[in-house]
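Student: I have a protein model open on my screen, and I would like to learn how to read it step by step. Could you go through it with me?

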Amino acid sequence: MTEIVMQNLGKAFGDFTALADMDLTIGTGEFVALLGPSGCGKSTTMNMIAGMLAPTHGEIRFDGRNMNGVPMAKRGVGFVFQNYAIFTHMTVRENLAYGLKSQGVTAAETRRRVGEIAELLQLTPMLERRAAGLSVNILQRLAIGRSAVVEPAIFLLDEPLSNVDAAFRAVMRSELKALQRQFRQTMVYVTHDQLEAMTMADRIAVMDHGKLLQVGTPLEVYNHPADTFVARFIGAPGMNLLRGRVIGADTGVAVDLGAAGRCPLRSGQGGEVLFGFRPEQVQPDPQGPMQMTVTTVERIGARTILHLAAGDHLAKAVLDSEAETPAQGAELRFSVPADAVRLFDPKTERAL
Ligand code: ATP
């Protein structure tokens, strides 16, 4: 188990900055997800941790030891890619045992560890099958098993579930978490899928355009996004952000949202703001201070998503499907609990 420290880490490809001044510490045995849209620099970061890419500046330390210049083979990292690398002519067992053989692990110990990992990843029934005939789902599970079985101090996974189907992805989420609980490896997991990050990671590092925007537990980044990018990117649908103006009202401070009404605030200074609230925090209320027109109703199982509009404002509301749902075209009056309101500076887009 190893602590990873990235200090002022950066990578440029010619004039293009793929990663700018990243400072991040990943604790021993911690599961951190690097989350962000395509091209934000996640894989670049991961490849530098692995030793496949040299930083342009800054350094990476494993347990205090500077890794700059240390080749991948000497870093004690296991790496699983989006595209599994499996020896198709070998059986599942032979694939799993491969890394142990090169480490000189005894036959009895190999058998035990292969058996254990196969059990954990539900590969036991197909241990003697040739990899060539197996489905994409199983091959990816095998790729994970093959890297995990050697028990690397650091386990790096780069979008390992992006090629597998949705149902299987859900199963794998819990299996990967179980795997980490069992081995207590330091795990770094690259994904653009916030559900994967939210469900598995101890902490999430949200990235965009080569920058680390926020690091926190899943609930911290969900409840207290540092800026509007994180607010929109985390949550499905993301946070609503309406332009408004903080005013003194008869009853205290409020944000004036024009056509959408005005929402009381706990506190705030006068001026333009972006008024943020989660779709899940919309509370239908005939006496509520806000009002928007329902433009679309999307029913998805246990939840109903309402698309709302008022003047220039657009927002979404997520209601429990059991709740009485307004029809398309109806006016929805609602309130947002004061402690669920988040304000952002419209110029810097940072949380206020
Ligand atoms: P994805 O999920 O699409 O891989 P990512 O967040 O992992 O996205 P990176 O692969 O780290 O992003 O790439 C970050 C940026 O750096 C992208 O714009 C990419 O085009 C660029 N980039 C990556 N590798 C190179 C390279 N070898 N030469 C030039 N540009 C590169």
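What follows is a set of questions and answers on this predicted model.

Student: Into which domains is the protein divided, and how far apart do their C-alpha centres lie?

Tutor: The protein is divided into domain 1, which covers 4-232, and domain 2, which covers 237-344. The contact takes 5 residues from domain 1 and 7 residues from domain 2, and the side of domain 1 that touches domain 2 is made up of 2 nonpolar, 1 polar and 2 charged residues. The distance between the C-alpha centres of domain 1 and domain 2 is 38 Å.

Student: Which element gives the most to the shell around the ligand?

Tutor: The ligand is surrounded by a set of residues, including Phe13, Phe16, Ala18, Lys42, Ser43, Thr44 and His192, and the shell divides into 4 nonpolar, 7 polar and 1 charged. The elements that give two or more residues to this shell are β2 (16-26) and α1 (42-50). With 3 residues, the element that gives the most is α1.

Student: Is Gly276 buried or exposed?

Tutor: Gly276 lies in strand β14, which runs over residues 271-277, and, leaving out residues up to four places away in sequence, its contacts include Ala231, Met239, Leu241 and Phe344. A residue counts as buried when 20 or more other C-beta atoms lie within 10 Å of its own. Because Gly276 has 23 other C-beta atoms within 10 Å, it is buried.

Student: How far apart in space are Gly276 and Val341?

Tutor: In sequence, Gly276 and Val341 are 65 residues apart. Their separation in space has to be read from C-alpha to C-alpha, and for Gly276 and Val341 that value is 5.9 Å.

Student: In what order do the 4 strands of the open sheet stand, and which strands are at its edges?

Tutor: Strands of a sheet pair through backbone hydrogen bonds, either parallel or antiparallel. In this open sheet the pairing is antiparallel and the order is β2-β1-β4-β5. Each of the edge strands has a single partner strand, so one side of each is left without a neighbour in the sheet, and these strands are β2 and β5 (65-66).

Student: Which residue in β5 is the bridge partner of Phe62?

Tutor: Strand β4, residues 57-62, pairs with β5 in the antiparallel sense over 2 bridges. The bridge partner of Phe62 in β5 is Arg65.

Student: Where is the peptide bond from Ala236 to Pro237, and what is its omega near?

Tutor: Most residues other than glycine have a negative phi, and most peptide bonds are trans. Pro237 is placed in the loop between α8 (228-233) and β11 (240-249). The peptide bond from Ala236 to Pro237 is cis, with omega near -5°.

Student: Phi of Asn8 is a positive value, so is Asn8 buried or exposed?

Tutor: Asn8 is placed in strand β1, residues 4-13, and its phi is near 50°, although Asn8 is a residue other than glycine. Because Asn8 has 12 other C-beta atoms within 10 Å, it is exposed.

Student: How many other C-beta atoms lie within 10 Å of Glu349?

Tutor: Glu349 is found in the segment after β20 (342-344), and Glu349 has a positive phi of about 65° although it is not a glycine. Glu349 is partly exposed, and the number of other C-beta atoms within 10 Å is 15.

Notes: Residues are numbered from 1 along each chain as its sequence is written. This is a predicted model: local features need pLDDT of at least 70, side-chain atom pairs count only at pLDDT 80 or more; totals for chains, interfaces and linings use all residues. Two residues are in contact if their C-beta atoms, placed from the backbone, lie within 7 Å. Domain bounds come from an automatic or database domain assignment. Ala, Val, Leu, Ile, Met, Phe, Trp, Tyr, Cys and Pro count as nonpolar, Asp, Glu, Lys and Arg as charged, and the others, Gly among them, as polar. A residue is near a molecule or strand if its C-beta atom, placed from the backbone, lies within 6 Å of it. Two strands pair if DSSP finds at least two bridges between them.
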